[in-house]
Amino acid sequence: MCPDSAKTFYLDNREIPFKEGQTVFDAAMTAGAYIPHLCHNPDYEPHSSCRLCTVIVNGRPFASCTQPAVAGQMVQSDTPELREMRRMLTQMLFVEGNHYCPSCEKSGNCKLQATAYELGLQDNHFPQFFPKRERDASHPDILLDRDRCILCGLCVRVSRDIDKKNVFAMTGRGIHTVIVVDSPSGELKDSKATAQDEAVQHCPVGALLLKGKGFEVPIGERIYDKASISVHSVEAFQAREAVHG
Amino acid sequence: MSQSVATHPKEAVHQILQLHPRDPGELLQILVEVQHAFHFVPEEAVSLIADHLRVTRAHVRGLVGFYSFLSDTFLGDYVIYISDNITDRMLDSQGIAKYLCSRLGVKLGKVRSDGRVSVQFTSCTGMCDQGPAALVNGMPVTRLNRERVDRMVEFITARRPVSDWPPEFFQVEDNFRRSDVLFRRSFDPGAAIKAAMTRGGDETLKALHFEEAVDPASGIAWKRGADETLKELYRSDLRGRGGAGFKAAIKWETCRDISAPERYVVCNADEGEPGTFKDRVMLSSYADMVLEGMTVCGYVVGAGQGILYIRQEYWYLKPHLEAVLARRREAGLLGKNILETGYSFDIAIHWGAGAYICGMESAMIESIEGRRGKPRKRWPLPVVAGVEKRPTVVNNVETFAAAALVALKGGVWFAGHGTMHSTGTKLFCVSGDCERPGIYEYPFGVSVREILRDCGGLEAQAVQVSGPSGTTITRPEFDRVLAYEDLSTVGTFMVFGRERDMFEVVQNFTHFFQHESCGLCTPCRVGTSLLANLVDKVAGGKGSPMDLEEVQKVSQLMKTTAHCGLGQTAPNHLVDSLVKFRGDWEKRMMVTGFEPAFDLDASLEEARQLTGRDDAAAHL
């Protein structure tokens, strides 16, 4: 057995050190190599659903957020084929919902929008689905706009694991999958959700928004206005690693 | 049964809840019973169930929305589902559905205003050899025709309960056409268990079984019989019959060797692949062999609990299977202290509720635990952490039946059948354009042509091997063989005659996958819809060459990035069809001013070579 410090794998021909039990994703981000992702937040259990973090490990595709790092393995991430696939996946997320960046309060703080810029998306390419999804504006402090939801499942996981409230769940199947709220009426106002819930803070898009906060930070001064998502998320990841080790 | 629709929700739900422990894992089983009692899951029931199991209402609603046979709105006193596989369509299921709707005065997919009846389509119900088929209040009706429909309408109008309909309506045939080693002889219940427990020693069952020891090297407790049976399984080289072909012995040994307080044995009887019906026949006529294979597995790996996960479409087998389980318990072949050896193992039935994805092992385990059938993360594998995070062997019905025979007759005997890398025999579900549809058992290595000859389908232009997620085989390929070395298969064998328009096959399959995608991952959730829309565009005469390229691109994306086998294999039939039956696509395409990137006539060259034609009609 070699010591932990000596364990490495290769990501796009760059040697990446890793600790036993680390995923390919975590090791890459720690080393400063950005892998695009939307459903994953390193603070919570991975979901491997958006598939943007797909990499090729020893010739086979895997979601890097759940793939354990193994010494000596060859991983490809920044290739023309994978970049094109990530673009297509992002376009798919845009067309299956109803996203209107110019009027969205999340604009500039939105991971979907920032990832689209990062990947150089010029358009949505695929025909829009224009689904009819219910909006829940019943809660005094929180807006649930299913039109902007990308089904990353973060609110479900965080409400369950961190807030311990289980406010959110998914229902439907396939393209008809939607977020549902746990309350007798099915509406947010009758649920246990509060503005302080972690679940509400972690929505990567504008599906869960706090009311009364519009334009608190002006356009132009928001997270991804200042730094691209690749730079910002690597910095955030490394800062987190420095704290948690 | 119209009379059976419960009218007092609270009371009826309480009765159902009393029969189940307060275990969230019971949720799906409770919902299935509520659905059968009310023909929907009333809002009142959602609250009662949630409180009883201490889960959220949203969680309960999440399941109702996920499984096709659960509904949050009332579906009528008579709930009719018409099987929508391509083989049903080829037998005019769509015309019959239309006729049924017009006779009943009901719109497809809607409940009649008096609440009496609803009619809708459902994915393949596993009656492809005797279609067109339907389910009426959970009971299968086969060989639908207009006369049958007339009588059904008569009964429904007269409010005659389904239990009082003539039995011939629900007659389901085994249609056994060819048997080999698996089915040739009758199976003596208990024989395989006895053989397993006494293997490698003298014949005194008791003495042997208690000869437990701990292997000093690994610290694993083992019994000689179990160890010797595992060796036989290795010698047999039995591979999983679900299509992937993973070696059963490796799976069993892995499960056995992981230190855990409990282990599970799960039998996958969720055969949702359209065109597949062998589990139905096995469980109807060879249930003992299947259950015995599970028991042997339990003994070998050291599991105490088996779970038989069956698709909802086979609900009508419930009394039969419960009777077989009861009989086996009485005979000392299941339950506590099997054959007085001290070994205990029992089998519980878990019902699916309409979800193809649950045939995928980790989704099945989620379903067994009472959740939406969402595939789990890739690691750890179910054999390491399956049901309740315990080591779990998941094999399908046919694999367990074969394992029972290996335990009984030994691995060398088993490996004497089939080919070098595909030992034993395989069941084929033959349907479509042939004279004798049904179940055929062959040693592995049989050619497509041989099966076609035996079933009377030699005139076919194509065979869909292993279902919509499998491979489309055309005439020049009929000498290919069914074995892991060439065409690996779950056993589905749908035959398409010369007159069939293969584009219609593609359209049916594409919509099947759109309906069955679980919705977890982006490429499958969105990709299956994009593909269905593209195929519909071509069907509507609005397709352009660019759309065909788009089909290729989306297919490639799904194959590479989808989370599980469903999404990765869903485009297989499209990719095959675009190569092998491009003509059926192109004849629908819009003639545009746009010059296509490919040369139409040149692209036919491959088809000309495959079909050995070079006449004028084979050129543009």
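How many residues does the contact take from chain B, and how many from chain A? It takes 30 from chain B and 32 from chain A, where two residues are in contact if their C-beta atoms, placed from the backbone, lie within 7 Å. This is a predicted model, so local features need pLDDT of at least 70 and side-chain atom pairs count only at pLDDT 80 or more, while totals for chains, interfaces and linings use all residues. Residues are numbered from 1 along each chain as its sequence is written, and chains are lettered from A and ligands numbered from 1 in the order in which they are written.

On the chain B side, the elements giving two or more residues are α4 (57-66), α19 (502-516), α20 (522-539) and α21 (545-561). Helices here are DSSP runs of H or I, at least four residues, numbered from the N terminus. The largest share, eight residues, comes from α20(B).

Next, helix α16 of chain B, residues 397-409. Its 13 residues should span 18 Å at 1.5 Å a residue, and the end C-alpha atoms are 19 Å apart, which agrees; the expected span is 1.5 Å times one less than the number of residues. Twelve of the 13 are buried, meaning 20 or more other C-beta atoms within 10 Å of their own, against 12 or fewer for exposed and partly exposed in between. Among the buried ones are Phe400(B) and Leu405(B). Gly410(B) follows α16(B), with a positive phi near 95°.

Last, Met590(B), in the loop between α24 (582-586) and α25 (600-603) of chain B. Met590(B) counts as partly exposed because it has 14 C-beta neighbours inside 10 Å. Leaving out residues up to four places away in sequence, Met590(B) touches Gly541(B), Lys542(B), Gly543(B) and Ser544(B).
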